[in-house]
Amino acid sequence: MKILLIIAIVIAVFFVLTMLVYWFNLDTKLVKLLEKPMMKHYDNLKRDRRI
């Protein structure tokens with residue numbers, strides 16, 4: 001019975017966390033935060049322009 005309670009608590013916490021991410025649009029905000037460093041890295045890559 002104790003294991004079922006722990007599993008239920010973990011599922012409830014996971015649900016609340018996913019709802020917070022959805023409600024506050026945190027996934028898009030994280031992507032926007034990482035966009036500039038990723039573009040800087042991408043711009044520094046050597047290109048192979050052969051066809």
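These entries record what I looked up in the structure, which is a predicted model.

**Entry 1: the helices.** Helix α1 has 23 residues and covers 33 Å from its first C-alpha to its last. That is close to the 33 Å expected at 1.5 Å a residue. Helix α2 has 18 residues and reaches 26 Å between its first and last C-alpha, close to the 26 Å expected on the basis of 1.5 Å a residue.

**Entry 2: the course of α2.** I then asked where in α2 a kink lies. I found a kink of about 40° at E35, shortly before the proline P37.

**Entry 3: the loop.** I turned to N25, which sits in the loop between α1 (2-24) and α2 (26-43). Most residues other than glycine have a negative phi.

**Entry 4: the packing of the helices.** Two packed helices are described by the angle between their axes and the distance between the axes. For α1 and α2 I recorded an angle of about 65° and axes 6 Å apart. The two helices are therefore roughly perpendicular to each other, because angles of 65 to 115 degrees count as such. Which residues make the contact? From α1 they are L20, V21 and F24, and from α2 they are L26, D27 and K29.

**Entry 5: K40.** My last entry concerns K40, a residue of helix α2. Is K40 buried or exposed? Its relative accessible area is 61%, so K40 is exposed, the cut-off being over 50%. I also compared the positions of K40 and Y22: they are 18 residues apart in sequence and 28 Å apart in space, C-alpha to C-alpha.

Technical notes. Residues are numbered from 1 along each chain as its sequence is written. This is a predicted model: local features need pLDDT of at least 70, side-chain atom pairs count only at pLDDT 80 or more; totals for chains, interfaces and linings use all residues. Side-chain values use heavy atoms; hydrogens and water are left out. Helices (H or I, at least four residues) and strands (E, at least two) are DSSP runs, numbered from the N terminus. The expected span of a helix is 1.5 Å times one less than its number of residues. The bend at a residue is the angle between axes fitted to the seven residues ending there and the seven starting there. Axes are lines fitted to C-alpha atoms, for helices over the stretch in contact, and angles run from 0 to 180 degrees between N-to-C directions. Angles under 35 degrees count as roughly parallel, over 145 as roughly antiparallel, 65 to 115 as roughly perpendicular and the rest as oblique. Contact means heavy atoms within 4.5 Å. Buried means under 20% relative accessible area, exposed over 50%, partly exposed in between (1.4 Å probe, protein chains only).
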